[in-house]
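Subject: Structure handover and what was found in it

Dear colleague,

I am passing on the structure below, followed by an account of what was found in it. Please read the text with the model open beside you.

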Amino acid sequence: MEITTDQIKNIMIESFDLDLTTNEISDDMPFFGGELDIDSIDMLEFFMKIDQSFDIKINKEELKEEYFASVQSMTDYLNTQKVTQ
Amino acid sequence: MNIEALAPYLPQKGPFLLLDEIIDHDFMKSVVIKKTLLKEDPIFKNHFPDNPIYPGSYLIEMSAQAAQLIFIALEDFFKSNESINQKDILRGRVLKVENVKFIEEVKPGQTLEAHVVLTQFLDSANCAKISFKITSENRVVSKGRIMLGFAASGEQTDENKQTLQ
């Protein structure tokens with residue numbers, strides 16, 4: 001089963017403590033520089049929830065800026081990790 | 001086990017080491033510590049002069065200090081009586097506290113137990129989550145969760161070594 005953008009949006013809402021619904025987050029919303037005011041601790045929270053939800057262990061060293069460009073790009077990246085792990 | 005043998009290896013010193021005794025320890029799982037709040041503890045002089053109460057922030061600190069013990073293989077240490085290699089101590093610092101409740105006021109003379117459980121350890125991102133519950137005479141006085149961050153292995157800088165703050 002592929003991870004969906006809606007699943008990622010729900011994890012974002014929880015991790016970043018957002019007062020938004022999944023409908024209010026677009027697939028092309030960037031993690032940084034857009035309307036989300038998130039910091040490095042929020043991102044750790046996000047990756048811990050990703051680990052809990054999908055058993056994907058994010059390696060901080062391997063992260064690239066492009067993964068954070070949008071919800072879609074993050075979802076695509078996590079789907080590649082799901083396959084390799 | 002008394003904290004004295006371990007104290008030289010812990011970064012917190014003097015009155016800021018908020019642990020008296022380790023009651024139970026399960027490496028990478030959980031720890032229970034005990035701390036008796038002495039009436040003469042200087043914190044009570046000023047917090048507050050007319051109404052001494054142990055600060056809630058100290059209860060969080062106590063839990064974080066207890067949490068650091070989870071990451072030390074204490075059984076080996078006490079069995080072999082060997083000294084701990086500083087490198088074997090995974091130094092963390094508090095990144096986030098969540099859902100912390102101060103259910104009862106804590107007063108001088110009370111003996112506290114901090115029950116700390118490792119709920120998640122994400123090695124690849126150098127962070128962990130613990131939940132804590134502080135009790136006094138079997139009543140819960142405080143509880144919550146703490147996220148800890150660790151220096152990546154092999155790159156413990158002096159800054160990172162400052163640990164649990």
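Asn99(B) counts as exposed because it has 8 C-beta neighbours inside 10 Å, where the cut-offs are 20 or more other C-beta atoms within 10 Å of a residue's own for buried, 12 or fewer for exposed, and anything in between for partly exposed, with C-beta atoms placed from the backbone. This residue lies in strand S3 of chain B, and its phi is near 45°, a positive value in a residue other than glycine. Most residues other than glycine have a negative phi, and most peptide bonds are trans.

Before going further, please note that this is a predicted model, in which local features need pLDDT of at least 70 and side-chain atom pairs count only at pLDDT 80 or more, while totals for chains, interfaces and linings use all residues. Residues are numbered from 1 along each chain as its sequence is written, and chains are lettered from A and ligands numbered from 1 in the order in which they are written.

Asn138(B), which is found in the loop between S5 and S6 of chain B, also is not a glycine and has a positive phi, of about 65°. With 6 C-beta neighbours inside 10 Å, Asn138(B) counts as exposed. A further backbone feature is the peptide bond from His47(B) to Phe48(B), which is cis, with omega near 0°; Phe48(B) is found in the loop between helix H1 (43-46) and H2 of chain B.

As for the fold of chain B, the chain has three helices and six strands, where helices (H or I, at least four residues) and strands (E, at least two) are DSSP runs numbered from the N terminus. Along the sequence the pattern reads β-β-α-α-α-β-β-β-β. Chain B has 165 residues, of which 25% count as buried. Among its contacts with a separation of 6 or more, 63% come from residues 24 or more positions apart, a contact being two residues whose C-beta atoms, placed from the backbone, lie within 7 Å.

The six strands form an open sheet in the order S1-S2-S4-S5-S6-S3 (chain B), with antiparallel pairing; two strands pair if DSSP finds at least two bridges between them. S1 and S3 of chain B are the edge strands, each pairing on one side only, and the twist from one strand to the next averages 20°.

Strand S1 (residues 21-26) of chain B pairs with S2(B) in the antiparallel sense over five bridges, and Ile22(B) stands opposite Ile33(B) in S2(B). These two strands, S1(B) and S2(B), form a hairpin with three residues between them, and Met28(B) in the turn has a positive phi of about 60°. On to the next pairing: S2(B) and S4(B) run antiparallel and are joined by seven bridges, with Val31(B) opposite Val116(B) in S4(B) and Val117(B) in S4(B) as the bridge partner of Ser30(B).

In a regular strand the side chains alternate between the two faces of the sheet.

Which helices lie across strands of chain B? Helix H2 (residues 56-70) of chain B lies across S1, S2, S3, S4, S5 and S6 of chain B and runs at about 55° to S4(B), while helix H2 (residues 40-54) of chain A lies across S3, S4, S5 and S6 of chain B and runs at about 75° to S4(B). Axes here are lines fitted to C-alpha atoms, for helices over the stretch in contact, and angles run from 0 to 180 degrees between N-to-C directions.

Between the chains, eleven residues of chain B are in contact with ten residues of chain A. On the chain B side, the elements that give two or more residues are strand S3 (92-102), strand S4 (111-122), strand S5 (127-136) and strand S6 (139-150). The residues on that side divide into five nonpolar, four polar and two charged, with Ala, Val, Leu, Ile, Met, Phe, Trp, Tyr, Cys and Pro counted as nonpolar, Asp, Glu, Lys and Arg as charged, and the others, Gly among them, as polar.

With regards
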